[in-house]
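Subject: Handing over the two-chain model

Dear colleague,

I am passing on the structure we spoke of, together with my notes on it.

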Amino acid sequence: MENQEQQASAADILTQAIANKLDYLSTMQAAVQHGDDRKIYELLDQVRYYQEVKKTRTKRAVNHLAELVDNIHPQISHYLSDNLIDYLGHIYPFFYYEEYTTGLFHIYFGNWWDRRLFGDLDVVNVRFDFDKTEYQKLRDSFALESQSQRLNTAKIEAVSAESERLQQLVDAQDDRDKQKAELRDQLKENSGKSSMPWESGKVKEERQAIIDQLTKLADEDEKALNAHKSIKANDDRILVLSKEDTILNYEKQSIRDAFDDFEHFEAHNASLYADYLNSLLGKSEGEVTVDD
Amino acid sequence: MINENDPSTLTTSGRLLNYNEAIKTGLETGLTFTKLMDQLIRTTDPDELVSAATQLADFQLDSDYVTFPHQYSNADYYLLFMSRMLELHDQGNQIILQSRDHREELTQQLTSLGDRGTFNFRVEPSANGGVFYRERATGQSLFYLNLERKMLRFNSHALTQLFVIDLHETVPAETVKTSVQVLIDFARYLKEDYGYSVDFNLLDAANRQNYAVRAADLPAGIVDRLFVVAAQNDYMLTNGVNGNGAEIILDEGVVVDIFNNQLSGQPEWVLTVHDDDQKISWFDVLLKYPFMRDWYLENLTELEIKSDPLIFG
């Protein structure tokens with residue numbers, strides 16, 4: 001008898017648990033059928049939704065129901081991306097998205113030549129996952145602006161200076177040739193000197209000094225010989241650096257046009273989830289009114 | 001046995017008759033020539049003009065028995081033909097034909113360019129025939145013309161060397177444009193009125209024209225360079241519409257694209273210039289935008305627009 005009751009209550013509990021899941025899924029299904037993206041987001045993460053959109057302080061118990069749809073996130077993301085990307089298009093007009101596989105989106109910054117792959121768009125969590133290296137470059141580039149410098153200004157100057165040194169080395173070839181001729185004459189003279197025992201140390205020293213100078217000039221000759229190649233390589237490096245500066249400049253300009261400055265841009269990113277869902281809230285209420 | 005083809009078998013009167021016939025033929029050739037010259041110089045009918053020029057192009061005036069000591073070269077008839085053709089289209093004042101005092105030789109100047117360029121035709125000695133229109137001082141052959149095969153081919157290398165490089169410092173862009181327009185018009189009449197096959201090359205203003213560049217597999221660095229200099233000049237090089245190249249929007253709706261025209265297999269990088277009126281060519285872009293010109297000239301080894309390889313190979 002008691003056993004049966006226990007059986008019954010266990011069955012009740014399980015039935016209830018299953019009913020909860022069915023209820024969750026059918027609510028989700030209805031939301032999809034009605035195009036109620038806001039409801040879908042609410043169902044996907046109720047804790048976050050109540051904290052950030054409803055701004056309730058009371059903590060809701062985590063019910064793990066959202067885990068039911070974990071393995072259809074790609075389809076959910078694909079579905080939700082339509083409206084989200086429309087919305088983002090107005091606020092972040094400089095981002096372009098490419099769905100490289102169902103529900104997964106690359107973010108490209110800008111439409112200029114060789115624009116950067118800037119990270120991923122996490123549709124389910126309404127979040128940008130920026131590429132850390134690229135993002136840091138942009139942040140640094142904004143910081144350097146106060147010193148009216150670009151990210152690669154110092155590097156470009158260093159490489160240019162090196163090229164200039166190399167060019168001077170090439171230009172000075174005639175001078176070196178003259179010097180070498182003189183030094184060789186001196187060397188001859190030196191070896192012809194009558195070497196009295198008390199003078200031999202001095203002559204040797206002189207000889208070594210001349211040889212050292214000749215070696216130094218020979219080293220410079222060799223560098224000059226390879227200079228053309230090095231200068232060409234430097235030009236290529238400068239091109240890569242200038243290109244990056246140009247891209248960063250376009251990125252900064254885009255951010256300024258849309259957000260005035262980098263801080264406002266970051267603030268917008270931080271509140272993106274709440275802002276987007278609030279915008280959906282307004283929309284769905286509007287739709288209801290029209291329907292009524 | 002009397003064989004008319006073998007003089008040794010002929011009687012004296014037979015030989016004289018043969019001789020007489022040869023002279024007659026030679027004189028008739030001369031007469032035909034004078035008729036063709038009359039036609040070339042005087043006709044107001046473009047068809048007759050082309051017909052005279054085509055016949056004179058490889059006319060053999062001398063024969064074994066009759067030779068003419070004073071002769072213009074065949075190349076000169078082309079100059080005459082060109083100026084008459086323009087004259088019949090009311091553009092006769094755009095070129096000046098000059099003859100030398102004591103020699104039968106013609107040269108030509110483009111009126112707007114004045115003595116900064118003197119032009120003539122040079123006969124192509126090979127079996128292909130035809131002539132090259134060239135600037136005498138620099139030897140640049142601007143186009144190739146073959147009346148018999150009804151074809152005209154502009155030479156991008158020579159046009160660039162002469163008009164974009166050599167005359168850049170001394171001649172204003174507008175003047176260059178006016179001068180080159182005369183050559184374009186001449187070619188256009190041949191194409192439109194006589195169905196000539198004409199390659200306008202970098203002078204072609206049609207939007208559909210793909211200007212193939214010399215380095216079929218263009219190194220990426222070259223497009224990068226345009227990106228950087230364009231930004232310095234307040235123009236933005238963007239990703240091309242077709243996704244395999246770049247695009248730059250210049251002023252007044254002029255759009256230049258540079259892209260790989262082959263979706264698979266061997267790459268073929270080309271330039272295009274689009275504008276609503278189809279009036280702007282790559283050549284015009286080079287004249288108008290110093291940064292495009294610098295970029296083109298600095299990378300000419302890779303970027304030079306290809307000319308007909310059969311003619312300018």
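The notes below take up the conventions, then each chain, then some single residues.

This is a predicted model, in which local features need pLDDT of at least 70 and side-chain atom pairs count only at pLDDT 80 or more, while totals for chains, interfaces and linings use all residues. Residues are numbered from 1 along each chain as its sequence is written, and chains are lettered from A and ligands numbered from 1 in the order in which they are written.

Chain A

The secondary structure of chain A consists of 10 helices and four strands, where helices (H or I, at least four residues) and strands (E, at least two) are DSSP runs numbered from the N terminus. Read from the N terminus, these elements follow the order α-α-α-α-β-β-β-β-α-α-α-α-α-α. The C-alpha trace of chain A spans about 130 × 55 × 35 Å along its principal axes, and its radius of gyration is 36 Å, whereas a compact globule of 292 residues would have one near 19 Å. That radius is taken over C-alpha atoms, and the globule rule is 2.2 Å times the number of residues to the power 0.38. Of the 292 residues of chain A, 15% count as buried; a residue is buried if 20 or more other C-beta atoms lie within 10 Å of its own, exposed if 12 or fewer, and partly exposed in between, with C-beta atoms placed from the backbone.

Chain A is divided into domain 1 (2–130 + 260–291) and domain 2 (153–259), with bounds that come from an automatic or database domain assignment. The C-alpha centres of these two domains of chain A lie 61 Å apart. Their contact takes 14 residues from domain 1 of chain A and nine residues from domain 2 of chain A, two residues being in contact if their C-beta atoms, placed from the backbone, lie within 7 Å. On the side of domain 1 of chain A that touches domain 2 of chain A, the largest share, four residues, comes from helix 9 (residues 262–270) of chain A. That side of domain 1 divides into seven nonpolar, three polar and four charged residues; here Ala, Val, Leu, Ile, Met, Phe, Trp, Tyr, Cys and Pro count as nonpolar, Asp, Glu, Lys and Arg as charged, and the others, Gly among them, as polar.

Between the chains

The contact of the two chains takes 10 residues from chain A and 12 residues from chain B. On the side of chain A that touches chain B there are three nonpolar, three polar and four charged residues.

Chain B

Chain B is divided into domain 1 (7–71), domain 2 (80–199) and domain 3 (211–312), and 52 Å separate the C-alpha centres of domain 1 and domain 3 of chain B. Strand 1 (residues 95–99) of chain B is joined to strand 2 of chain B by five bridges, and the two run antiparallel; strands count as paired if DSSP finds at least two bridges between them. A hairpin links strand 1 of chain B to strand 2 of chain B through six residues, and B:Ile96 stands opposite B:Gln109 in strand 2 of chain B.

An open sheet of five strands in chain B has the order 8-12-11-10-9, with antiparallel pairing. Strand 8 (211–212) and strand 9 (237–239) of chain B stand at its edges, each with a single partner strand, so one side of each is left without a neighbour in the sheet. Strand 11 (residues 255–260) and strand 12 (residues 269–274) of chain B pair over six bridges in the antiparallel sense, with B:Val255 opposite B:His274.

Single residues

B:Thr111 lies in the loop between strand 2 (106–110) and strand 3 (119–123) of chain B and is partly exposed, because 14 other C-beta atoms lie within 10 Å. Leaving aside neighbours within four places in sequence, B:Thr111 is in contact with B:Asn93, B:Gln94, B:Ile95 and B:Ile96.

B:Asp90 is not a glycine, although it has a positive phi of about 55 degrees. B:Asp90 is placed in the loop between helix 3 (74–88) and strand 1 of chain B, and it is exposed, because 8 other C-beta atoms lie within 10 Å.

With best wishes
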